[in-house]
Amino acid sequence: MAGDKELRTILADTCSRLFTAQVTPQLQESAEKGTWSEALWRQVEENGLTLPQVPESRGGAGGSWSDAHVVLTTAGRHAVPLPIAETMMGGWLLAQSGLDVPMGPITLAPTSLHTRLTLIRNGKGWRLEGSAPRVPWGRQAEHVVVAAEDEGRPMIALIARGAASVEEDVNLALEPRDTLTWRGAPVVAASPGPSADRLWQLGALARAAQMAGGLEYLLAQSVKYVTERSQFGRTLASFQAIQHQLALLAGHTAAAGMAAQHAFATMDARGTASLGEAAFEVAVAKVRVGEAAGLGAGIAHQSHGAIGFTYEHSLHFVTRRLWSWRAEFGGESHWSLELGREVAARGAEALWPHLTSR
Amino acid sequence: MPTFNFDLCELPPEAQSLRAEVREFLRDALGGMSSSKRALSWGGFDREFSRQLGARGWIGMMWPKKYGGHERTALERYVVLEECLSAGAPVSAHWVADRQSGPLLLRFGTEEQRQRFLPRIARGELAFAIGMSEPDSGSDLASIRTRAEHVEGGYRVNGTKIWTSNAHISDYAIALFRTKVVPDKKHEGLSQFLVDLKSPGIRIRPIIDLAGGHHFNEVHFENAFVPDDMLVGKEGEGWRQVSTELAFERSGPERYLSSIRLIMELIREAGREPGERGGDRSPHRAPHHPPPDVALGGGHAAGGAEPEPRGRGGQGRRHELRAGDPGDRARPARCRAPAGLGQPVRANARLSRPARAVLFAPRRHARDPARHHRARAGAAMSGAFGTLAVPYRQASCANRWGGPGLQCEAQLEARRANPQQERRPLPPGTE
């Protein structure tokens, strides 16, 4: 374990160095105007950061979910405008379904629980039918990993860019969230695999880590700002009201970070059955981090005052992502409901034994 | 970039098997104890129970064997604390002594004091109270005025302590007195003493809490005599010692488990398939406040070195407050689901939290009021895990993050009374 931990420290350093150097406000602004950051993508991919937890035999780095956690947290902290999370999760779904993982950015569909995509047999292969709204980076991803159904059977399919008609849209963070429509579109490969629910769960897992990273940024940035900025003849940090707010932010950041980390650790611990087995922890993470994200963004903006509300200041690159990610792949209400049902069905006396057995 | 986080750690196998053992013992020992009694959490006082726990070797677990301890690991002790709290065991008759009085004596006490008190504490025979706050010295503890004047063979004590939990049923208190008045230096001249609460000159008056419970007391000292050999540590070193003691007090799992019995009752109320009743009774806002306490507490446990009270405050106390909060019942029963997510996501940023919760509730529930209620109940039930699932298992090493906020938070925490708790005293040592 100590060895793993050291490797993860190295991984974290690699990510931090790369993102600190490359993810500048200029790059973020240009990405928000719709420019694809190809050079950065290539570096991220060459450093093996896009598929950390995908087996080497399928084209990944052969690491663990805890490695994935490190990459996603760091990417979230730096508000990296690339589909790293989507590529990671899509790659894993392909590998899990026995399919090879292509190079290049990958995205996921559907990202809404109410969207059904259908595979239709076509000779030896399939064709894809359906429309998926709010596909992250839909216009730019070279491949889409789709959770579809073939006569009711859950399938994972790989679709190339260009097979869909694209209606562009963005989220609050100005990240692409496009509607992709496939009408008898060609399928590169398909295989029985995890269902759309599981894809959703992976999305929630990824967003939890990204948001936890974003919260770390908010905490560091807010502490920095209040120790530099003076009003009434003293630094903001010397006001107890400000200290109290930052203490709350720190507490939420720590709790959220642990919730996310724990979910990834559970994915590692549960092995190949991990998706179903980690459903509880993933839900906990999305709920806990989501709440922290809402409160944390509020505190960060409150501490920064008007300057944090400008486009010129960088705070919003993270806060707008937190607000967006919080709602994606199920917000707190959705996951609370899932968990509430599960806990209630198990009964009161089972609560503590269940928690301590996880 | 400084970060504020904790590493996950797994409980070692010996701690896990101990958990099963403790759980079984508690099942037998507590039998059909009522929910309301269990809800007293660490406020329940039962000397017989404490003796049984002591006989099992589960008090003074980390202390040296020569003082009646068991030389077990911090994580093993932590598991026992968790199991006792989650079962709602009446631990109050040994809790303070095990948590802070004993460790304080181990650290600062004389050899004679250790031999005299620690084995009896470990057997569950001695109940301790904490004499810190005074009527005019709550938050500003260093301003205490109770005087201990040196006389032949000991000290003569005059003054009043207040909010002294369980003083009326405890054997001893460790109290902070002023042994010397140093002008303009209130932190100097303070000393800690072991006080036999049955001594002449000590009068204990009850303070009944808002729910009718008697835990708090006012303790009056009128020429009470404390022998020389009951001075703890060095005369004049009281402030430094008491700070250490508060760190012991503030680094355990109490906060995040204090409401577990209430949460279990909510689950019971809701039933296996929560319906409208569950929804109406549920604290909507309780669910999502799992505090990181156990991580910080676990720092104490895992490291076994200095406990680290910083940051424990906010999240744990928030959880306690939220769990007892009936929540906002004014949530609209009828609500509309978003037609598409694009606009709502943007609107999301501007909406209040309840509105957002409704907006993003699954469509199928939102359309049907009855099912919407179920959704609410479900969300509320998530409190059961939300408040607990995260902190649990996150026993880990506290990162000594040096930001300005946490120190402040810990201070606030140490000073704030919580008026919303059930029939349970404030943690000893607070006002």
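A: Domain bounds here come from an automatic or database domain assignment. The model itself is predicted. For chain A, that assignment gives domain 1 (2–192) and domain 2 (196–357). Taken over C-alpha atoms, the centres of domain 1 of chain A and domain 2 of chain A are separated by 22 Å.

Q: What makes residues of domain 1 and domain 2 of chain A count as being in contact, and how many take part?
A: Two residues are in contact if their C-beta atoms lie within 7 Å. The contact takes 27 residues from domain 1 of chain A and 29 residues from domain 2 of chain A. On the domain 1 side, α2 (25–32), α4 (65–77) and α5 (84–96) of chain A each supply at least two residues. With 10 residues, α4(A) gives the most to that side. The residues of that side divide into 16 nonpolar, nine polar and two charged.

Q: How do you know that the span of α4(A) agrees with its number of residues?
A: The expected span is 1.5 Å times one less than the number of residues. The 13 residues of α4(A) should therefore span 18 Å, and its end C-alpha atoms are 18 Å apart, which agrees.

Q: Why is α4(A) called mostly covered?
A: A residue is buried if 20 or more other C-beta atoms lie within 10 Å of its own. In α4(A), 13 of its 13 residues are buried, so the helix is described as mostly covered.

Q: What follows α4(A)?
A: Ala79(A) follows α4(A), and its phi is positive, near 50 degrees.

Note on methods. Residues are numbered from 1 along each chain as its sequence is written. Chains are lettered from A and ligands numbered from 1 in the order in which they are written. This is a predicted model: local features need pLDDT of at least 70, side-chain atom pairs count only at pLDDT 80 or more; totals for chains, interfaces and linings use all residues. Helices (H or I, at least four residues) and strands (E, at least two) are DSSP runs, numbered from the N terminus. Ala, Val, Leu, Ile, Met, Phe, Trp, Tyr, Cys and Pro count as nonpolar, Asp, Glu, Lys and Arg as charged, and the others, Gly among them, as polar. A residue is buried if 20 or more other C-beta atoms lie within 10 Å of its own, exposed if 12 or fewer, and partly exposed in between; C-beta atoms are placed from the backbone.
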